[in-house]
Amino acid sequence: MSVEQENRPGTTARSRTLTVSEVVQETKDSVSIAFEVPDEIVDDFKHLPGQFITLKIPSDQTGHVARCYSLSSSPHVDDFRLEIGVKRTAGGYASNWLCDNVSVGMEVTVLTPSGKFTAKSLDVDMLFFAGGSGITPVLSLVKSALVSGSGEVVLFYANRDADSVMYERQLQQIRSEFAERFTLVYWLESENGLPTSVAVEKIIRDHKGSSIFTCGPSPFMDLVERSAAACGVDHSDVHREVFQSLAGDPFDTATLRRLSDDEGVATATVYLNGECITTEWPRNTPLLDVLLSRGHNAPYSCREGACSACVCKLIEGDVEMAQNNILVNDDIEDGERLACQALPLTDAVTVSFDDL
Ligand code: FES
């Protein structure tokens, strides 16, 4: 007996086409790009603040490349509208292509939102550290926390100089609307040099007990993590966004593993998008490939164990991960597993994508 691959060639369960509805030049080297989400696919774009989408960018050399961009829009504020922030990178291709070519009316193929740079609760005090274009997911979280949460929100936002500050107009509006709960601290390298541990530790001490989120260049996030540790903040209270370059092509379903029961079959029970799915799980095939092949809209981006878009929680049974370049020990102890790398170790496995 063999289990046939069931996906349609050239499609992926999470691939959708969106139309660009607005392009705003944020700074001389960055733009924000908004997409309207048509009513018929609005459910596919339900997401949490802090998540990202993956764009398919045309390329003369390879046909296309895939890149992840954080959403700066908030699901609590910006109904039916998704917005990403894109900044030029020296020698980079995809972001520079978008800055040079994107225009209203352009159709873009995207993978639906995913990612684990999210908040378990918006009703807590939150302290954000954003560096440069790392503001994009942070802005989504800040807006969501202020509109739907109840805690104090502090944003430390570091940039090269005043001309490099993305989303300044939005931030000023937010500051005047939520003056009692929102504190915005700008740090400009042109005036103060690179952010220092003294400055970062002072803010952390002044806002002890807040959940800390950081997104930006790696040295900046390292500084925040070190400073939090020096202030005695538990590692689990520091949330860091991690982006790895995509080496493979998440839009290419030809690379989905062909389903075969040559090495036996386990049973997977999967809670996904409010449904409970029970399906045969060929032991040599990652769970994500099984779900996508059978048309289930499971989240993913890199399919290489590097981005955490496919993270799910192990409820029963056991799995092994072929690769894991993103989950830390705390995540694994919490039961988190990467569906794109998960192979069954037990005859029956239950996981949930809905309850992380
Ligand atoms: S899809 Fe990126 S880690 Fe699984």
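1. Thr-350 is in contact with Thr-269, Tyr-271, Lys-313, Leu-314, Ile-315 and Glu-316, with residues up to four places away in sequence left out of the count. The structure under review is a predicted model. Thr-350 itself is placed in strand 18, which covers residues 348-352. Its relative accessibility is 11%, and Thr-350 therefore counts as buried, the limit being under 20%.

2. Thr-269, one of the contacts of Thr-350, belongs to strand 12, residues 265-272. Beyond four places in sequence, Thr-269 touches Cys-276, Ile-277, Thr-278, Val-349, Thr-350 and Val-351. Is Thr-269 buried or exposed? With a relative accessibility of 18%, Thr-269 counts as buried; the value falls under the 20% limit for that class.

3. The loop that joins strand 12 to strand 13 (275-282) contains Asn-273. The phi angle of Asn-273 is positive, near 50°, and the residue is not a glycine. Tyr-167 sits in the loop between strand 8 and helix 3 (168-177). Tyr-167 has a relative accessible area of 1% and is buried.

4. Helix 3 holds Arg-169. Arg-169 has a relative accessible area of 59%, so this residue is classed as exposed, the threshold being over 50%. Along the chain, Arg-169 and Glu-26 are 143 residues apart, while 9.1 Å separates their C-alpha atoms.

5. As regards the overall division, the protein chain comprises domain 1 (15-114), domain 2 (126-240) and domain 3 (253-352). How far apart are the C-alpha centres of domain 2 and domain 3? The separation of these two centres is 34 Å.

6. The second largest pocket holds about 1200 Å³ of space. Its lining consists of 41 residues, of which Thr-89, Ser-133, Gly-134, Gly-216 and Pro-217 are the closest to the pocket centre.

7. Several elements of secondary structure supply at least two residues each to the lining of the second largest pocket: strand 4 (63-70), strand 5 (81-87), helix 1 (94-101), helix 2, strand 8 (153-159) and helix 6 (218-230). Which element gives the most to this lining? Helix 6 does, with five residues. Sorted by class, the lining of the second largest pocket is made up of 18 nonpolar, 16 polar and seven charged residues.

8. Helix 2, one of the elements that supply the pocket lining, runs over residues 135-148 and has 14 residues. From its first C-alpha to its last, helix 2 reaches 19 Å, close to the 20 Å expected at 1.5 Å a residue. Why can helix 2 be described as largely enclosed by the rest of the structure? Twelve of its 14 residues are buried, which gives the reason for that description. The buried residues are Ile-135, Thr-136, Pro-137, Val-138, Leu-139, Ser-140, Leu-141, Val-142, Lys-143, Ser-144, Ala-145 and Leu-146. Lys-143 is included in this list, and lysine belongs to the charged class.

9. Gly-91 occupies the loop between strand 5 and helix 1, and both of these elements supply residues to the lining of the second largest pocket. Gly-91 has 84% relative accessibility, so Gly-91 counts as exposed. The C-alpha atom of Gly-91 is separated by 18 Å from that of Ser-164, and the two residues are 73 residues apart along the chain.

10. Ile-53 is part of strand 3, residues 52-59. The relative accessible area of Ile-53 is 0%, and Ile-53 is therefore buried. Which residues does Ile-53 touch, not counting those up to four places away in sequence? The contacts are Phe-35, Arg-67, Cys-68, Tyr-69, Leu-71, Ile-84, Val-110, Leu-111, Thr-112 and Pro-113. Ile-53 and Val-238 are 185 residues apart along the chain, and their C-alpha atoms are separated by 23 Å.

Definitions and conventions
Residues numbered from 1 in each chain as written. Predicted model: local features only at pLDDT ≥ 70, side-chain atom pairs only at ≥ 80, totals over all residues. Heavy atoms only, no water. Helix = DSSP H or I, 4+ residues; strand = E, 2+ residues; numbered from the N terminus. Expected span 1.5 Å × (residues − 1). Buried < 20%, exposed > 50% of the residue type's maximum accessible area, 1.4 Å probe, protein only. Contact = heavy atoms within 4.5 Å. Domains from an automatic or database assignment. 1 Å grid on protein atoms, 1.4 Å probe; cavity = no way out; pocket = protein on both sides within 12 Å on 5 of 7 lines; lining within 4 Å. Points joined across faces, edges and corners; volume = space filled by probe spheres on them.
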